[in-house]
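Here is a short walk through one structure.

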Amino acid sequence: MKALVTGGRRGIGRAIAHALGGAGFDVAVNDVEDSAELRATVAEVSALGVKAVAVIGDISDLDAHKAMLDAAEAALGPLTTLVNNAGVSVQNRGDLLDVTAESYDRCLNVNTRGTFFLTQAFARRLRPSQAHRSIVTISSANASGVSVNRGEYCISKAGVSMMSKLFAARLGNEGVGVYEIQPGFIETDMTAPSKARYDKLIDEGLTVIKRFGTPEEVGRIALTLAQGLLPYTTGQIIQADAGLMMVRY
Ligand code: NAI
């Protein structure tokens, strides 16, 4: 099987690329620009004994999508799997009354619009295959959970959650599994600035399992979905959130 993982330079995307490579997937690792981290991730995946290639491109640039998919397929052959992981947080956490159009547009352009059109471009060229074909999108617990201090991120993730359901409904009968993972608190660079605050809230019972998750744990879930190990399902949401979103009283 052959996967394109967006935003795979570091964090959750990197761990997903590792998990897929470890299970025999050839992996195209995308990120917005060339970097030592991106090259290291590609080298690490390649060392697992599969093909790995860096595919540089900004997913919010719709004109870049064709070249990204072409580059991935030129190196690996026809893709079977798209993992929509690339995402950005807000420019500044703060009052909803202060959200700027710039930060709103950035969140929506990357997390929602870019992801939608990359998924559309991937789906249009998806060919029949003996291998399981899938689209796995990393949204967030904020697809439904309200965080008033990052409203534009929440809106973008709610949108991409609907995107996943739409593609699940469109492609399900063609044998393409379309899934969404909603992570809660995963220890990455994105969450580093707020880790201490959330550690305290987690300790006080915000989540059922009282710890941050690891990128590797999300990687294992993405691999499970990409391998088609949840038969007769599509459109599912996996809440990788330690029970954060489970209503308790
Ligand atoms: P991260 O910031 O460590 O990694 C995100 C990667 O995406 C970076 O390598 C970045 O360069 C890349 N990227 C950003 N914009 C891009 C673009 N336009 N085109 C291509 N690549 C781009 O973040 P992390 O924590 O690994 O997050 C990965 C995904 O998981 C994101 O979609 C994020 O919203 C989501 N998520 C993360 C959670 C967490 O607790 N860390 C919780 C819920 C969701």
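An oxygen atom of the ligand lies 2.6 Å from an N or O atom in the side chain of Asp31. That is a polar contact, here a pair of N or O atoms within 3.5 Å. Taken alone, the ligand exposes 820 Å², and the protein buries 95% of that (Shrake-Rupley method, 1.4 Å probe).

This is a predicted model, where local features need pLDDT of at least 70, side-chain atom pairs count only at pLDDT 80 or more, and totals for chains, interfaces and linings use all residues. Residues are numbered from 1 along each chain as its sequence is written, and side-chain values use heavy atoms, without hydrogens and water.

Which residues come nearest to the ligand? Of the 28 around it, they are Arg10, Asp31, Asn85, Tyr153 and Thr188. A residue counts as near if one of its heavy atoms lies within 4 Å. The shell divides into 12 nonpolar, 11 polar and 5 charged residues. Here Gly counts as polar, and Asp, Glu, Lys and Arg as charged.

Now look beyond the ligand. Side chains of opposite charge can pair when their charged atoms come close. The whole structure holds 14 salt bridges, each a side-chain nitrogen of Lys or Arg within 4 Å of a carboxyl oxygen of Asp or Glu. One joins Asp26 and Lys2, at 2.8 Å from N to O.

Conventions. Polar contact = N/O pair within 3.5 Å; in protein donor to acceptor, adjacent residues only side chain to side chain.
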